[in-house]
Amino acid sequence: MNNLNKFTPFQTIVGYNLLEELKNFSNSKTCIITMKDLWKIFKPNFNNETNVYFVISLEEEFLENEISKFIKYDTIIGLGGGQALDVAKYFSWRCNLKLFQFPTSLSVDAVFGHRSGIRKNNIVNYIGWAIPECIFIDYDIIQSAPKIYNYSGIGDVLCFYTGVLDWKYATKKNKCEKKWKYNDELAAKSLKHVNELLDNIEDVKKLNKKGINTIVKAHQWGGNSFFSSGWNPRHIEGIEHFFFYNLELQTKKKFIHGQPVCLGFILGCLLHNDYNNKFKKFFKEINFDIRPESMNLTWDEIQNSLKSLNKFIIDNNLWYGIGNDFIYSDDIFNKLVKNINEIYEE
Ligand SMILES: [Zn+2]
């Protein structure tokens with residue numbers, strides 16, 4: 001590893017009662033970016049004059065038309081899950097506003113990267129450059145979020161595993177990009193976080209302090225090692241996210257990030273012949289629902305998205321992995337159904 005690369009995440013403060021701190025630097029030039037349903041919960045923590053913007057869409061064209069609303073501010077606070085944090089990053093970047101991020105759940109690692117995951121015609125694009133002054137992780141607030149949003153965060157940890165599998169696969173096939181040559185140190189660090197997640201299953205399940213820290217540390221690694229390694233995504237992302245991006249495009253539905261990502265993770269492991277018992281055990285124990293019906297989907301929709309997955313990966317020029325050589329078969333679909341069903345049977 002090049003010693004010039006430093007792996008330091010964005011400044012993060014963890015603790016209790018952190019919303020109180022926001023009052024000490026918010027004024028008429030501050031705008032909170034959040035979701036309508038969340039504001040009902042958090043409004044009492046702010047005074048009545050607080051400026052609020054509710055997220056409606058992540059489409060670039062829509063966001064661009066909203067820019068004039070932010071010219072009067074100098075500070076933005078993202079309060080919520082992935083969408084609020086991504087939109088906060090976007091306006092902070094486009095309007096040159098100071099940014100503070102306050103995740104209310106662990107649903108996704110968005111808060112730890114510069115880029116904003118916005119959509120161009122329904123396709124995810126990671127653009128922009130935003131560095132928060134600080135990220136606040138409040139244990140009480142995270143713990144009060146519905147469990148499904150926090151369990152969602154395991155998707156952005158498990159993806160390290162399938163990311164590394166794809167990286168090794170591409171290397172073996174001699175298809176790995178020269179700029180992202182296989183790097184054992186990066187891969188090993190990613191896998192260490194996956195192991196920590198599995199080893200701390202009890203705490204992760206309970207979402208106690210240790211469990212939250214385990215997920216946050218992995219998300220810090222994901223976001224931070226991406227930019228610190230020169231925007232190399234190989235050790236943190238692969239087939240599992242590609243599956244999700246395509247599913248989103250095909251169905252035009254909104255997802256809790258970790259549900260389709262975990263489904264894509266199991267698919268990726270199956271394709272790599274590496275869905276081993278430690279993962280089976282983990283999914284059984286955590287009891288995070290990733291069945292299609294929990295995402296308002298049918299198995300038919302999953303099947304259809306599998307049929308177009310290979311084309312999606314090639315058309316979008318995503319980095320080479322198992323998906324590039326994936327040819328749809330009923331066999332793999334049935335295998336996926338069987339393995340998902342097995343998680344939930346007694
Ligand atoms: Zn993700």
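A cavity is a set of points, on a 1 Å grid over the protein atoms alone, where a 1.4 Å probe fits but cannot get out. In this predicted model, local features need pLDDT of at least 70 and side-chain atom pairs count only at pLDDT 80 or more, while totals for chains, interfaces and linings use all residues. Residues are numbered from 1 along each chain as its sequence is written, and side-chain values use heavy atoms, with hydrogens and water left out.

View 1. The structure holds one cavity of 30 Å³ or more. The largest cavity has a volume of about 70 Å³, a volume being the space filled by probe spheres set on grid points joined across faces, edges and corners. Its lining residues (those with an atom within 4 Å of a point) are G81, G82, L85, P103, S105, L106, S107, V108, V111, F112, I137 and H219. Seven of these are nonpolar, five are polar and none is charged; Ala, Val, Leu, Ile, Met, Phe, Trp, Tyr, Cys and Pro count as nonpolar, Asp, Glu, Lys and Arg as charged, and the others, Gly among them, as polar.

**View 2. The second largest pocket.** A pocket is an open set of points with protein on both sides within 12 Å along at least five of seven lines. The second largest pocket has a volume of about 170 Å³. Lining this pocket are K23, S26, N27, S28, T30, C31, I32, F46, N47, E49, T50 and N51, which divide into three nonpolar, seven polar and two charged residues. Strand 2 (residues 30-34) supplies the largest share of the lining, three residues; strands (E, at least two residues) and helices (H or I, at least four) are DSSP runs numbered from the N terminus.

**View 3. The zinc site.** The zinc ion has as protein donors D156 (OD), H241 (NE2) and H257 (NE2), at 2.0 to 2.1 Å. Donors are N, O and S atoms within 2.8 Å of the metal (3.2 Å for Na, K and Ca); water is not among the atoms, so sites may look incomplete. Along the chain the donors follow the spacing D-x84-H-x15-H. D156 in helix 7 (residues 155-172) and H241 in helix 11 (residues 239-251) are 85 residues apart, and the pair links distant parts of the chain. D156 counts as buried because its relative accessibility is 1%, buried meaning under 20% relative accessible area (1.4 Å probe, protein chains only). H241 is likewise buried, at 3%.

Conventions
Buried < 20%, exposed > 50% of the residue type's maximum accessible area, 1.4 Å probe, protein only.
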